[in-house]
Amino acid sequence: MSFRFIHTADVHLDSPLLSLALRDADIAEMIGNATRQSFEKTVDLCLEEAVDALMIAGDLYDGELRSMKTAVFFGGQMRRLTEAGIGVFIVRGNHDAESVITKQLSLPDEVHVFSGRGEAVSIPDKDVAVHGVSFGKPHMTDSLLPKYKPPVEGAANIGLLHTSLAGSAEHDVYAPCSLADLAGHGFDYWGLGHIHKRQVHAKGPCTVVMPGIPQGRHVNEAGPKSVTLVEIGAQGVTVEERFTAVAQFERVGVAVDGVEDWRGVVRAIDDAVGAARDGVRADALVARLEVRGKTPLAPRLRRDRDLLVGEALQSAAAIGKAFIEAVAIDVGLPDMPSGHDPISELRTLIASGAGSTDAVRAGALDLLTALQEQLPAELRDEFGADDAALRQKVDHYLKLGSEDVLARLEAERADA
Amino acid sequence: MRLKRFDLTRYGLFTDFSISFGERPVSKPDFHILYGANEAGKSTLRSAFLDLLFGIERQSIYDFKHPYPTMRIGGALEINSSARELIRVKKEKNSLLGPDDQPVSDAVLSAALGSVTRDGYETMFSLDDDTLQQGGDSILQSKGDLGQLLFSAASGLSDLGRRLDEVRAEAHAFYRAGTRRHDLADAKKRLQELKDEKSKTDLQASQYAALIKLEADARTHHEAAKAARDISRARRQHLSRVLAARSARSALAVLQAKLAPMAAIQDLPEGWLAEAQALSTQSAAAESEARLAKEAVERLTEERGALEVDDTILGLKQDVERLSDLGLEARFRTAVADIPSRKQEHDSVVTELTEIIQRLGRSSSEDPASLLLPTATEATLNGLVGRKAAVFEADATAREEQDKAKARLARAAKQVKDFGDPADVAGLAALVKRMRAAGYDKEMARIERQVATLKAELDAALKRLVPWSGNIDTLAALVPPTASQISQWQETLSGLEIELRDRQRSLDDRADERDRLIADIRSIEATTGVLDDATASGARARRTAAWQAHRAGIQDDGPVDIDALRSTADAFENSMDEDDRVTEARQRQSTDVATLREANAALIRVNAEIEKLGTKIAAQRRLLDGEAAVVASAMAELGLTRDTPPTALAGWLDRREQALAKHAEVRDALADLDAARAGRSSAAARLATAMTAAGLAVDEDASIDENLDRAEAEIERGNRLQSDIRSALTTLEQAQSDVEDRDRAAKRIAADRRSWEAEWCAALQGCWLGERRSAEEVAEILRVLRALPGETEKRDDLNRRIEQMVADSERYVAAVVALADKAGIPFESAHPLSVADGLRARLDDASRNDNLRDIKQKEGDKANAELRGAAEKLRIIKARFDDMAARYPSDGFTDLLETLRMAGEKAAYRAQIDRRERELLEALECTSLDDAEAFLEKETSDNHALKAEAAQLDSELADHDEMISEHFHAHQTARKALESVSGDADVARIEESRRTELLDIKEQADRYLALSIGALAADNALRAFRDRHRSTMMKRAGAAFATITRNGFTDLTTTPGNDGELLVGLKAGSGSMVASEMSKGTRFQLYLALRIAGYGEFVQDREALPFFADDILETFDDDRSAETFQLLSEMAHQGQVIYLTHHRHLCDIAEQVCGDAVTIHALPDPAAIPQPLSRKA
């Protein structure tokens, strides 16, 4: 007897990608709505592999998701599985604990959504028991482990649990528990969810898998993303990673130290993007370029960032299936000529506070708050939600802006 | 940076020139003055230095001696304390070279130059009058922040403010307070659109729940409405049943009451009533039939008995009918009518025949048949008669035509003979044609015209040679001077004249200068009253004398005459005052004195020059006059006026050549004319010969063309005659051939006539006609003979027909007689036809009656059959009636039918009752009438009330139906809406677009804030930077200005003006002056002060650059020059200062002021260098 299933979690269906790459309509067409595309790939995988079940360990939807279209889509995917005889087991996590849309959707009988009380579902022909406890509300500060029933004798026991594990004190904790606690419960496999980065723990006879998010949604969810194909058989538990992402986010560093001409920079970008593209496990790479280093071109790079972005886009287009979402430029001159260059003197003046007098700060704050008022409400807090944050932002822009403006003046002079 | 050695290897007028500034002085200023005369190349030097630093200018003007590819400058430079040997050549790239001539990067220089551009350098640190003034003016005239201008000037960085504005403008593209059109506004609009689109497209869970609820509610309502309707409908059905049952029950009662009295009546077998009715009807009909048939039988029997029939004639029926059938009777009738006329006809034919025979001259007894000719003979005769006329006529015609042709031949022969032998004009015609083409007369006229035209042109050409006059031969004989001779004259004369004019101009200049000097001297003497040396020495002598006089009055030991002493003292005082005044004045006006001295010396020099020039001019003029005389005599020799200038001679000689050429043309034309004349007369002779030969008279006086006209007329006439003869000969030929043709035809036709005559005799001999009969006779006999066979035949035919008719008539009469006999009719002498008619009439009557008798017989048979049929029917009907009457006793059909109807009625009632009962049971769904009765008992309301309720229910039911329909549709709609919710990704994608838009806005906002706040910070720092530099600069500039003006101005400050800050000079004591109002010299001093201050500011933070100044002290007086040199010398402590001048006295002043702190270098004398021709640097 062997029991095979796909384990995933944190699907966050229809949660949007956050990437400036999507400004390009063609790119948006290709990789847009990636969470959904990725979930379809997961279902395809279930069908190809003819697994026995699909396990979803929480956070199928975002909490704020209200669109019934998502639920209808999900229902359709569930029917694909159940029509192929594949069972589905779902626990709700912090995000979809109170999801309104699942309540309205009628799912096929073979889709089992665990309640908050703790149940064990036996799969008769397979000698498998699936245990699960759903979040009843978004915040579950206590461990859910006590709600799980003891393992069923003579059966393979699989537990589905949405948990932040031990977590760190800084972040909110969700149904905390330790690996040791889990291993001690006596199950063969713990299918976890919540943490977006994949982790696999083998604790004696018990395998604990945090599968990670199946589709990264922004650059902070970079790297290859996957679901886990699990087989429980006579030889115990084997675990295999299967890649499901449509687009893979990566921060791609471009070192321009000592590069002296523009073509050298372009070449460095080509190399970096090419290398990153080769390592991608998804259909496409979405790269955030981080151009770093000390180069005499620094002022020009800062000033001509639009040209540089153009070069990066061209490079990505040439490489194929690679998109650039942003180019961060953090470059400096190899050794700033100290001394009596007027720009240097200006820089020194700014450094010594001539560019950040109270009047300048007040002016900057005016600019910031005037803009803030005009921004869409969703963005306002990004630019400082309270006085302290606003002051911090002013400092940030004074520093960043002075450098940028000085770089421009420098670059113009170099051109002159 | 410092210039240690400067090489102008090939540049401008310099070749391999090098100047050394030596090592940097350790403790004294690095101050150099380059002295050189005008044109020594000071400006060149200054420009060369800029070229060394920044590259030789693309459009350099210093290539007048050494072209671009060879231009080369260089030097030993000290940059950042290290020595470099650099060379600059003129090239687009790699123009800076090292000592090994290998390219060196310009970065070597820019390390020291920093941001200073060529323009900046020239404006600030490489000054001449122009750049000093331009730079200064731009400072004063520029609007805006003076601090910025000074700063810009000092740093070489300008436009920072403008660039910051550009940065701000870039930021403002995203957002700008107080404006509406910017990227942010657009982005927000897009966001709102996306939001709207999303809410339009989306279906939220709550909405979905609402949809589900709507569907459920609609379903509930629908079902409830249906239930209510079902109740009403059931009640309504119940009411209908009760009402129907009640109605059935009352009908039943009525029926049963009607049925009760009919209990005794037997039940009617099915179909009996109808059968009985049918039988009754059939019985009546059958009886009627029987009666009618019987009557008919009787009547017919009687009628048949009454008929009589003639059987005798009926027995002869066939014979009688055959009488007319065989046509015998018809032929009899015809014969009776025709025979007399046919006999008459026969007689007339016989008469005719007799006549014919008589006309043929034969005996009337002769058989006409023997007169008939055999057919062949007749045909031959007919043919011969027919041909005869043609044969004889053709014979006559042929002979006639033969004669006519012979006559024509004779006429044609005569005509040909008459024409005789015509003259041959072919030769003449060819000559005439050739001479027409040559056109001798026209050619003559043309050449004569040409000669006249050329002669006129020659006259005109000669007239153009005025003032020369004479004939063409004289003109040709002239020997004109050669072109080189003329140009030599021209050159000599004009050279001399120009020289003379130049000398004269020099003389005038000298005279002007003399006048000016005299005027200057006079004016100096007049205006300043210059005291000359004599006056001065006089005053001094008078003072000495006065002093001696006064001193003499004071005796050391003698008495003192106070009054005398006072007087001499006063005198001494006066003379001393006067001397002082004179001395002071002379001292004060020493310059004027020097000027006066110089002027006087100059006047003497000028006067000497004037005199020398005058002598030279006189000599020159003599030379010129001599040359002019030579030319004049040459002109006279040519026959021209003496004063004709050599320049005009070339034109005259051209015209002479034209006249001579025209003369040659006239000559040629005259020769042509002679040749034409000779040609024409020989042609006339040839024509005359030819015409005479052709027999034409020649008119010696007429022109060739006239003779030609005549010759042509003659030729034309000759041609016409030839053509006439040719046609006459043709006619003759035709006539001869015609005569031959006619002879042949006449012979042939005569033979024809003879053969006819032979045939004729032969034909006649073969028949009774005999020989010697004319054709006309024979023709007539033949014509008469042709009627003979017809008439004979006609006669025979008539005979046959008459015989036939007689035979037919006899046969008919015999037949009639025979029949009449058989029928027993006496024939006697009655006309056979009337007898026959009588027979036929008897037969007709008999036949008719026989027929009638047969018909009656048949009708009688038929009536009998009918009678029997009717009796049979009646028997059957009676049998059936008897059957029925056995059940329903009755005496006749009427009775029976009445009884049967009663029985039928009873059965009908019975059936109705059954139906009603069934209806009742069905309506009430009961099985027995008792049950039904019990059911009806339960409903107590009367019918009226029930009907009212039913009507009410009907109306309610209609309402129910409407309600149900409504709810049904509502439910369907809700169900469809629910089912149509799809799982498409549109909403998710819109949301994603919206989030992307937000990210985009965030990024742009980030850029906006970085740029706008960065610009703000940079702006502020820039202001601080300028303030810092301005304050030190203003201090330096103020001090320098005070020094240069020798404290005429003590300091500089700024004051706000309309367009920004104004620069103000503060005067010693009190008062101030805005820079723009200062005198030109003072302004120049101010400009220099600003430069000196700028230099100080510049070198404070950076490596010093060599400071060049090119004679900028022109407007400064010696003192101010001295102060300036002092300042420059001080400046030279900070960096190398190089002053270029052509004023010796400035070198002196500098040496006085600076001592050995200044090094004076002399530039080579320009005279030693070949002078540039026209291009001046």
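Contact here means heavy atoms within 4.5 Å. In this predicted model, 59 residues of chain A are in contact with 63 residues of chain B. Residues are numbered from 1 along each chain as its sequence is written, and chains are lettered from A in the order in which they are written. Local features need pLDDT of at least 70, side-chain atom pairs count only at pLDDT 80 or more, and totals for interfaces use all residues.

The two chains bury about 5600 Å² between them. Buried area is the accessible area (1.4 Å probe) that two parts lose on being put together, summed over both. Carbon and sulfur atoms give 66% of this area. In chain A, the most area is lost to chain B by A:K69, A:Y397 and A:R408, together 11% of what that side buries.

Seven salt bridges are counted between chain A and chain B. Each is a side-chain nitrogen of Lys or Arg within 4 Å of a carboxyl oxygen of Asp or Glu. One of them pairs A:R23 with B:E1003, with the closest N and O atoms 3.5 Å apart.

Chain A also holds a right-handed β-α-β unit, made by β13(A), helix α6 (residues 262-278) and β14(A). Helices (H or I, at least four residues) and strands (E, at least two) are DSSP runs, numbered from the N terminus. Right-handed means that, with the strands pointing away from the viewer, the path from the first strand over the helix to the second runs clockwise. Strands β13 (residues 247-255) and β14 (residues 284-294) of chain A run parallel and are joined by nine bridges. Strands pair if DSSP finds at least two bridges between them. A:R251 has A:R288 in β14(A) as its bridge partner.

Methods
Side-chain values use heavy atoms; hydrogens and water are left out.
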